[in-house]
Each structure stands twice: as C-alpha cells, then as structure tokens.
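Here are my notes on this one, point by point. Have the model open while you read.

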Amino acid sequence: NPLPTSNNITMVTNAAVCGQGTVMLNATPAAGFTTRWYSDATLTNFLFEGNIYTTPVVNTTTTYYVVAKNTSTDCIGNVTAAKQMVVTVNPLPTANDILSVANATACGQESVTLNATPATGFAARWYSDAALTNFLFEGNNYTIPVLNTSTTYYVVARNTTTDCIGDATAAKQVVATVNPLPTAGDITSVTGATVCAGNTTVVSATAASGFIPRWYSDATLTDFLFEGTNYTTPVLYNTTTYYVVAKRVSGNCTGDASSAKQVVVVVNPLPVLPDLQIAGKTTIDRNTSTTLEVITPVTGIIRWYELNQTYLLLHEGMIYKTPNLAQSTTYYLHLVSPEGCESTMQQTVTVTVNNDIFIPEGITPNNDGYNDTWVIRNIEQYPNNTVTVFNRWGEKVYEKTGYNNTMPWDTYPNTGLRLGTGKVPRGTYFYVLQLNDSSHRVFKGYIEIIY
C-alpha cells in the first residue's frame, strides 16, 4: 500500500502565544485520513493522533510535525510527507515599553485626564486594578469620570504587531489625586466699603494660612477679577456686590459658588444742588468784608470754595463772612449730603469790590466816633495823590501828598492862615484831588464841615 503524502494534509495553521502558554493546533486531513503529531522532524516522538492538538505550556518558539495516516490501510506518512506547524512565543511588553506617565490632580468632584506615553509600536491599556482584571480604555489619554476620592490606575503596554499585552508586573501606576475644595471658612474675614458715586474704593478679604482670596463680579464665579487680599474696584455708580472664595496655594483648588462670601460696596448718590438764594451785600468797598447767607433750605451742608488754580475750601455752613477783600472775588458753593457725598454741580456768587474813588461831601467832627474824619474811599490805590482844601476865599487850609485813610483829615488846618490851634470853622470848603497816576484824573468838589 502506498504511504500517505504531504498532500493528504490539506491545511495546517500556525499559532502564536504571548509569553508562555498552551496552544490548540489544527491540521485538516483529506477524506479517509487522520493526522498524527510529533515533536521532532524524524517523527520519533509521537504526541497525539487527531485533527486538533493542544500543546503543553510552551515558553519558546516551538515547531511541531504532522503527517497523514490512511484509516483503511493504517499506513503512516514518513518524514518526507510531514508538514511543520510553528508555535511562535512572543515576549510580553515590559514596564519600559511605557516611556512615561503623568499623574493628575482634581479639585473636589471633577473629571481629569491621565496620560501615558508608550514606546513606538505599542499602545497604552488602562485598568482600575493592580491585577489587570478590569479593563477600562486603550489609548494615551484616559479621561476619568468624576471622582470624589484619590484613585490609582494601572497602565500596561500592548504590542500593536503581536497583540501581546504586558502583565501585572509590567504595569505602571498613575494616580488621580482628589483635593477637597476650599470652604467658606477658609475666608476668615471680609470688609466692604461705602463710597460716593463716581469713586473707586478698596475692599478686602483675609484667607486662612495656605489660602489666597479670589474675587469675582458674579455669584456663579464666571467673571474673575483679581487674586489677592485687597481689591481696588473700578469707578462705581451703584451699590455693588462682589464674591470672594479661597484658593488653596498648594494644589490650586478654588472654592465653588457655594463657598463664596459676599462683599458689598454701598454707593451713595451725589446730592443735587438746588437753585440757591443768597442774601447779603455782593458789592462792597475795597478792604471791607461782607456776610453771605444761603436762605434756600437744603438737606446737608453747604461748602464755600475759592478757586485759585485749585479749589480751596473756605467754610462749611449756611452763613459765610468774607475776609476784607482788595479785589472782586467769586465763591463756589457745593452741597454735601448727610452721607458725606459732595455735589459735582456748583453755584457761584461774586462779591464785587468797588474800586472807584468816593469823596464824602460832609463830615461832622464832633468826636462821636461817626463821620469825624474825611475818609476818601479807595484813596489807597493811588499813593501818589495830592489833596488840597480851600476855604471860601480861596485860601489853602489843608494840603497833603499821599493822602490815606490811616490818618485822614480831621479838620485841623496844616497850611495857610491859622486861627489859634483849633479846627477850621464850620462852613463850606472846596477841594482838589489829583491822583497823579497814568489817568491824570483830577477830582474837584466841596465839603461841608458841620459841628
């Protein structure tokens, strides 16, 4: 009877194993034949007869040999008819096939992404347990669902060519650390402020040790403003609430909206200055004063200013007595509300100083303290003046160069014919006043002396 040939084995299939293990090998014989398995090419070490052979545990690449057996004649193919079947043992990936891993930190309950970088030709596989029984994900970046406790994950390499996956000894740990969120108690104190509309101010918050305040303009903490203890607001026109939470310096976790403390800036409106009625003389002689009074009822305080490059505060109150004025002066009135806010509107009042020469037409030198001397208003502005007084006969009775109101004429003659040492007689006298300035003005008139 003829020996079976290699053609009587119509198909064989090689196999592969990762690391070590058993493998089921399959050989398909032609009809009327069965298969016989050997461990050596000389077919001296018979292993098994049948189409499917389960190997023992192999840890190196191993070749098996299979020949056909005629089930009618019981003839078995020889070594020239054997077909080889190879079990390839591929090495398991090692920890070195994961080049690097990156831990992550979460604040409170939030999702984070872990990272592992495999070597070329490998992929990263993620597990939740050290025994690698609970597979999670394959890929470099693994996004963790929301956590509330710190958790360790395990990553191994998979050879993308052999499909071999590293075992537990090759796993690298990647830790997701969950830091608790700061609480309202980590902001130990806050200080608001009260300002007048149109101003900025500083509000403050004090954080516990290891924390720093963060400022927001809204309760949902979407509009971040500043990080630090003291926050300088922008110019404010309405009462405004700010929200401050603590940030942990180590770990950078920031409190959520539920831990925010409110800091309120109360903004008081500026008062509206009404149309003020002001009583008092607004035209005065040089070097005299006047008293001005606001008679319009107001709520608050009136401030009186003088403008000399900048506003100079002179007085607070409804009544203001000016100093002696040498020139016309404008005063600026503002209203201050009970909350201390000052109006931007203002009202002015001008005190006009009359600089014109005024020469009285009579005096009564009777030593009653009133109108006893000849006071010429504003004569001090013309220090080079000359005053001459004549009697009805044209005789000089008084003459003075540099006449002033410090020592005005008291009707005692100082020139011409004198009668004793007394005053000039009552009657009408005539004067000539020469200013002797650039205007060259001369004033002439009479003066009545009445005792």
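1. Phe 137 comes out partly exposed, at 31% relative accessibility, while Tyr 142 is buried at 10%. (Buried is under 20% relative accessible area, exposed over 50%, partly exposed in between, with a 1.4 Å probe and protein chains only.) The whole structure has 21 aromatic pairs. In the pair of Phe 137 and Tyr 142 the ring centres are 5.8 Å apart and the planes at 25°, so these two are stacked. For the terms: rings of Phe, Tyr and Trp (its six-membered ring) pair if their centres lie within 6.5 Å, and planes under 30 degrees apart count as stacked, over 60 as edge-to-face, the rest as tilted.

2. A word on the ground rules. This is a predicted model, with local features needing pLDDT of at least 70 and side-chain atom pairs counted only at pLDDT 80 or more, whereas totals for chains, interfaces and linings use all residues. Residues are numbered from 1 along each chain as its sequence is written, and side-chain values use heavy atoms, with hydrogens and water left out.

3. More on rings: Trp 374, Tyr 398, Tyr 403, Trp 409 and Tyr 431 are linked by ring pairs into a cluster. You'll also find charges over rings (NZ of Lys or CZ of Arg within 6 Å of the ring centre and within 35 degrees of the ring normal). Arg 36 has its charged end over the ring of Phe 46, 4.0 Å from the centre, and Arg 125 does likewise over Phe 135, at 4.0 Å.

4. How many disulfides does a search of the whole structure find? Three, taking a disulfide as a pair of cysteine sulfur atoms within 2.5 Å. Numbered in sequence order, the bonded cysteines pair 1-3, 2-5, 4-6.

5. Take Cys 18 and Cys 164, with sulfurs 1.9 Å apart. The chain parts they link are distant: Cys 18 is in strand β2 (residues 15-18) and Cys 164 in the loop between β15 and β16, 146 residues apart. (Strands are DSSP runs of E, at least two residues, numbered from the N terminus.) Cys 18 is partly exposed at 27%, but Cys 164 is buried at 0%.

6. Cys 107 and Cys 253 form another disulfide, S to S 2.0 Å. Its torsion about the S-S bond is about -85°, so it is left-handed. Both cysteines are buried.

7. Cys 196 is joined to Cys 341, at 2.1 Å. Here the torsion is about -95°, so this link is left-handed. Cys 196 lies in strand β18 and Cys 341 in the loop between β31 and β32, so the pair ties together parts 145 residues apart in sequence. Cys 196 is buried at 17%, and Cys 341 at 0%.

8. β18 also belongs to an open five-stranded sheet, ordered β18-β24-β23-β20-β21 with mixed pairing. β18 and β21 are the edges, each with a single partner strand, so one side of each lacks a neighbour in the sheet. (Strands pair if DSSP finds at least two bridges between them.)

9. Have a look at β20 (residues 211-216), where five of the six residues are buried. With β23 it pairs antiparallel over six bridges, Phe 211 standing opposite Arg 248. With β21 it runs antiparallel over three bridges; Trp 215 partners Phe 226, and Arg 214 stands opposite Glu 227.

Technical notes
Helices (H or I, at least four residues) and strands (E, at least two) are DSSP runs, numbered from the N terminus.
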